[in-house]
Amino acid sequence: FPQNSLFFPPEQRMVLLACGPYTTSDSGAFEPLADLVAAIAHSRPDVCILFGPFVDAKHEEVESCQLLGSFATVFKLCLKTIIEGTRSAGSRLVLVPSLRDAHHDPVYPQPPFQCPELPREDKAVPNPSPGPIFTQKT
């Protein structure tokens, strides 16, 4: 990458990567997501890159319409948990959609999530993401 467009600034960075689904196969509760947020709070990574699915279209409760809210509502609750967990750790957040995200466009390439509640320093990127996720601060 060009010098002024580094993936990360040149100093050492800790990056946490996680891939959904963030529920267990037998429950729609987000216990694995709670465990992930606890790991983020403990390890305090500089960047958390989270891949979907966040609301898994293949989950039994999604397929049988047994969720307690719309797919978009469940995603917003999931996102709120993620944002609060990463804010307390001081981590920057990158969200990458999955073709199995029930609340998102099932097309490829996928556009980024529309997340107005996402803090400005964080990013929602398309799938696939065409370039650097963060640029160097000047």
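These are my notebook entries on a predicted model of a protein chain.

**Entry 1, the overall fold.** I began with the secondary structure, and I counted 3 helices and 4 strands in the protein chain. Reading along the sequence, I wrote down the order of these elements as β-α-β-α-α-β-β. I then looked up burial, and found that 39% of the 138 residues of the protein chain count as buried.

Next I turned to the outside, where V15, L17 and F51 form a nonpolar patch with about 250 Å² of accessible area together. Is L17 buried or exposed? Its relative accessible area is 58%, and because exposed means over 50%, I noted L17 as exposed.

I searched for disulfides, which are covalent bonds between the sulfur atoms of two cysteines, and the structure holds 0 of them.

Rolling a probe the size of a water molecule over the atoms shows where empty space is left. How many cavities of 30 Å³ or more does the structure hold? I found 1 cavity of that kind, and about 80 Å³ of space lies in the largest cavity. I listed the residues that line the largest cavity, and they are T23, G28, F30, F54, V55, D56, H59, E61, V62, L67 and V74.

Notes
Residues numbered from 1 in each chain as written. Predicted model: local features only at pLDDT ≥ 70, side-chain atom pairs only at ≥ 80, totals over all residues. Heavy atoms only, no water. Patch = residues over 30% accessible without salt bridge, like charges linked within 9 Å, V, L, I, M, F, W, Y side chains within 5 Å. Areas by Shrake-Rupley, 256 points an atom, 1.4 Å probe, with all protein chains shown as cover. Salt bridge = Lys/Arg side-chain N within 4 Å of Asp/Glu carboxyl O. Buried < 20%, exposed > 50% of the residue type's maximum accessible area, 1.4 Å probe, protein only. Disulfide = S-S within 2.5 Å. 1 Å grid on protein atoms, 1.4 Å probe; cavity = no way out; pocket = protein on both sides within 12 Å on 5 of 7 lines; lining within 4 Å. Points joined across faces, edges and corners; volume = space filled by probe spheres on them. Helix = DSSP H or I, 4+ residues; strand = E, 2+ residues; numbered from the N terminus.
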